[in-house]
Amino acid sequence: MITQESKLIQMLRSKTKQDKESLIRHFVHHLEYTVGRYIDNITPRDLYLALSYTIRDYLIDRWNEVQEVYKTKKAKKIYYLSMEFLMGKMLKANLINMGALELARESAKELGFELEEIFKEEPDAGLGNGGLGRLAACFLDSLATLNYPAMGCGLLYEYGIFEQKIIQGNQVEYPDHWLSIPNPWLIMRSDYIYPIGFYGRVEEYVDHHGIKRKKWIPDYKVLAQAYDMLIPGFRTKTVVNLRLWKAEASKEFDFNYFSHGDYVKAVQDKIYSENITQVLYPNDNNLQGRELRLKQEYFLVSATIHNALTEAFYGEEKINHDILPDRVFFQLNDTHPALAIPEFIRILVDEHKLDFFHAWDIAKQCFGYTNHTVMPEALEKWDLEMIKYLLPRHLEIILELNYYFLEDLRKKGYPEDIIRNVSVVEETLPKKIRMANLAIMGSKIINGVSEIHTKIIENKVFKDFYKINPEKFQNKTNGITFRRWLFSANEELTSLINETIGKRWVFDLKYLKQLEQYVNDSIFLEKFKQIKQKKKEQLAKFILTELGITVDPKSIFDIQIKRIHEYKRQHLNLLRIIADYQYLKDTKDPDYHPRTFIFSGKAAPGYYRAKLIIKLIHAVAEKINHDREINEKIKVIFLPNYSVSLAELIIPAADISEQISTAGTEASGTGNMKFMLNGAITIGTLDGANIEILEEVGKENIYIFGKTVEELDELRKNYDPVHIYETDPVIHNILSAIYHNIFNPTKQGEFQEIFHALTYGGDVYFLLADFHDYWNTHKKINYDYQNEKEWIKKMIYNTARSIKFSSDRTIKEYAEEIWNLKAIKPYF
């Protein structure tokens, strides 16, 4: 037994010095003994691995001591459950948060290499896809920075969403094998491994107290093995962990089959088990894909809850379940982890022998649900029979919860139409389990992610739940970490702000507003302009290298980067580009300021129309970019394989940020905040966080267009896009060009589906209704941009007034108003 006074413990407690000599010594040690290199043939990748292992040592040291503090104080901890964590590259972000970036640069230079070249060797972690995962990553950064006890909980996917390549204008998906090289940030936790069951049957029995109980006997078990990524807070000793669960077979191979020469069957169990965490978002267009997705969701929540209960009762001589609300809180990042609620109750009732109602009462104090969408297809529903087959005991618990919840409403006199709407069971053929309803029923607080989104879920999507429990609904407007999206992505702008107003804002963001005092300072304006121009030149160079296309860095960089989806309306942007093209062909307008239109984003593999939009972007680009009359005025660019690191290159270069979703469809958006922080001007609808950006920045520093939610509700009653097409000459010319394949004459009819969707298909997302307002707003932008001084002022106001959109503010609101969580600053 190792005592607290032992030499080993004393040595472990001694802190690793964070200075140049120590850094270099540890780096050289890892290069030789961990990476296995000495003098010859050292590659940039070897240097990246050695430096990452070195930084990881510092993080482990801090994390271990933070955990000691939490155990001593019996601290309440947040478990943030998300199917995605879009972390991006970690080395530079970790150096910034540790205050060691310049130290690492100096050390690298002394050793004869450039740190920036080393950063390029790191692949983006394939743990997420879009805004949901990036928000979760920003939240982990803020939780650590604000010294909150927390753990991110996700899955360790072998493959990310996919690597996107463009072949003849088509999106083609390739495996994203992001773990093809050793990942230095992953730490295997061999002491955290849990068996997770599937299928099987439920048996009843009477325990020794004479109480009837139930026991789930799974047919099949998979091991959940924990791996950690450590995330440091900014200029604090606090480090939080992202715990990632990897599926492993309960046995490597069946020795009986092996002995009899059936080698394929011998390893079949291993392959089948480990499929669970093979890929992010399996294709759910078939039964096997849907079943795998449901397995992933249960696998995540079961492992996490077992882990949390182990930690909550650590060191307790006698288990008192009533302390759980003071020890744990599970935040569900959308509906995907909603099975956590019946799993929590199952463990308390079946394994810990609690009364069902006691367990439910505890659960309702330990869960919160963040809704991220109003799109019907994103509100998960699972076939009741599939849950019964895969998780029979959980279905019983879900139905029991639902029964008592609905009976209580009936006793209170609620009408049957409300009861039907709030039921977890959707009485269709086949019957379905509504996961959002389950999450609301079992949660202490439900929150939206922008003011308008919260109003929509209160008044439309979940209006009956809101009538029953209005006190359970809150708004928590999303935010971004300034450390990633300014300090790291735009070091030049960060340095200018430090030089202008000092460094106090770095620790207290409200001081960023002091930049407004310099909007009439010609020297500051010129420096701000030069930084924007430099970032545009860097992006132009990247475009030339990657695509072989020359773009003018003095043109307006008009950028729309996000997941490709009809409600996000990349095709509205395309209609406007076609309109500009046709206008310039007719007029040769000398006052049209050159523009570079930049798109980036992935379409879901099974989403045909979104992939067709990507194809149309490339067809339009091919036509325009090769038209010698026009291509000095307009260029259209699509940057493939959108990622966090690509966004860090693109966003600081933007003049215009396209946030043009149909009003009432985008829950919040965080790309709009990242662009704003870096001085880009938003053009957008009154949707998501655009409304709050408008409130913060002022109407003179943003461009708002399009119909409101209320106007669209009225318009929807009699909307006739075919009439618009037939009577509006501008729209007629644009859509006719698409229909008649002006942009791809070699493949007739290729884009007719888009034409039909916008006309006879009803134009569900109101592109034609918003088109002229959008186009006219861009004409105003064209005019305003040419008043250089006033345009730079708009950029500065956007940066200075972005304070509200820090994820630090968001997390503080969660901690104080939902989680009842106290910050614990390490005292070592």
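This is a predicted model: local features need pLDDT of at least 70, side-chain atom pairs count only at pLDDT 80 or more; totals for chains, interfaces and linings use all residues.

Residues are numbered from 1 along each chain as its sequence is written, and side-chain values use heavy atoms, with hydrogens and water left out.

One of these salt bridges joins Arg483 to Asp141, with the closest N and O atoms 2.5 Å apart. Because Arg483 sits in helix H20 and Asp141 in helix H7, this pair ties together parts that are 342 residues apart in sequence; helices here are DSSP runs of H or I with at least four residues, strands are E runs of at least two, and both are numbered from the N terminus. Arg483, at 5% relative accessibility, counts as buried, and Asp141 is buried as well, at 10%, where buried means under 20% relative accessible area, exposed over 50%, and partly exposed in between, with a 1.4 Å probe and protein chains only.

A second salt bridge, between Arg243 and Asp228, has its closest N and O atoms 2.8 Å apart. Arg243 belongs to strand E9 (residues 239–249) and Asp228 to strand E8, so here the linked parts are 15 residues apart in sequence. Arg243 is buried at 1% relative accessibility, and Asp228 is buried at 0%.

Asp713 and Lys460 also meet in a salt bridge, at 2.8 Å from N to O. Asp713 lies in helix H29 (residues 709–715) and Lys460 in helix H18 (residues 451–461), so this pair ties together parts 253 residues apart in sequence. Asp713 is partly exposed, at 30%, and Lys460 is partly exposed too, at 41%.

Let me turn to the cavities, meaning sets of points on a 1 Å grid over the protein atoms alone where a 1.4 Å probe fits but cannot get out, with lining residues having an atom within 4 Å of a point. The largest cavity holds about 150 Å³ of space, a volume being the space filled by probe spheres set on the points. Of the 15 residues lining this cavity, those closest to its centre are Ala93, Arg134, Asp141, Ile231 and Arg484. Helix H4 gives the largest share of the lining, four residues.

Notes
On a 1 Å grid over the protein atoms alone, a cavity is a set of points where a 1.4 Å probe fits but cannot get out, and a pocket is an open set with protein on both sides within 12 Å along at least five of seven lines; lining residues have an atom within 4 Å of a point. A salt bridge is a side-chain nitrogen of Lys or Arg within 4 Å of a carboxyl oxygen of Asp or Glu.
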